[in-house]
Amino acid sequence: IDGKELVVLRGHTQTVTSICLTPNERYIVSASTDYSVRIWDLKTNQAVGDPLLHDDEVFPVAISPNGKCIASAGIDKKIYVW
């Protein structure tokens with residue numbers, strides 16, 4: 001880590017509130033106040049599939065230790081497991 005910007009991932013339309021790296025370091029998952037969770041492929045620097053949608057702003061996001069599940073929660077008072 002030398003402080004140099006490696007890439008900027010663009011796609012959320014509002015504030016990003018949380019990010020999490022998968023155990024294999026291949027993907028980043030992000031949550032946003034735009035009601036979405038996005039999965040980013042760090043090899044292609046592109047979003048993977050369509051956004052995962054909540055009914056309101058999303059704050060925390062977490063990834064299971066095996067990297068197979070994503071959990072997200074938001075103002076909609078719901079926890080989603082994807």
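Tutor: The largest nonpolar core has eight residues, namely Val 29, Ala 31, Val 37, Leu 52, Val 58, Val 61, Ile 63 and Ile 70. Two elements, strand S2 (27-32) and S6, each give two or more residues to this core. The largest share, three residues, comes from S6. As background, nonpolar side chains in soluble globular proteins tend to be buried together. Please keep in mind that this is a predicted model.

Next consider Thr 33, which is found in the loop between S2 and strand S3 (36-41). Thr 33 counts as buried, because its relative accessible area is 10% and the cut-off for buried is under 20%. When residues up to four places away in sequence are not counted, Thr 33 touches Gln 14, Thr 15, Thr 17, Glu 57, Val 58 and Phe 59.

Val 58 leads us to the pairing of the strands. Strand S6 (residues 58-63) and strand S7 (residues 70-74) run antiparallel and are joined by four bridges. Within this pairing, Val 58 has Gly 74 of S7 as its bridge partner. S6 and S7 form a hairpin with six residues between the strands, and in that hairpin Gly 67 takes a positive phi near 75°.

An open sheet of three strands has the order S6-S7-S8, and its pairing is antiparallel. S6 and strand S8 (79-81) stand at the edges with a single partner strand each, so one side of each has no neighbour in the sheet. From one strand to the next, the twist averages 15°. In general, strands of a sheet pair through backbone hydrogen bonds, in either a parallel or an antiparallel manner. Three bridges join S7 and S8, again in the antiparallel sense, and Ser 72 stands opposite Tyr 80 in S8.

Tyr 80 also takes part in a ring pairing. The count of aromatic pairs comes to one. This pair is formed by Tyr 80 and Trp 82 and is stacked, with 5.0 Å centre to centre and 15° between the planes. Tyr 80 is partly exposed, at a relative accessible area of 22%, and Trp 82 is likewise partly exposed, at 30%.

Finally, let us turn to the cysteines. The structure holds zero disulfides. The sulfur of Cys 20 is 13 Å from the closest cysteine sulfur, that of Cys 69, and is therefore too far away for a bond, since a disulfide requires sulfur atoms within 2.5 Å. Cys 69 is accordingly in no disulfide. Cys 20 is partly exposed, with a relative accessible area of 22%, and Cys 69 is partly exposed as well, with 34%.

Methods: Residues numbered from 1 in each chain as written. Predicted model: local features only at pLDDT ≥ 70, side-chain atom pairs only at ≥ 80, totals over all residues. Heavy atoms only, no water. Phe/Tyr/Trp six-rings, centres within 6.5 Å; stacked < 30°, edge-to-face > 60°. Buried < 20%, exposed > 50% of the residue type's maximum accessible area, 1.4 Å probe, protein only. Pairing = 2+ DSSP bridges. Core = buried A, V, L, I, M, F, W, Y, C linked by side-chain atoms within 4.5 Å. Contact = heavy atoms within 4.5 Å. Axes fitted to C-alpha atoms, helices over the stretch in contact; angles between N-to-C directions.
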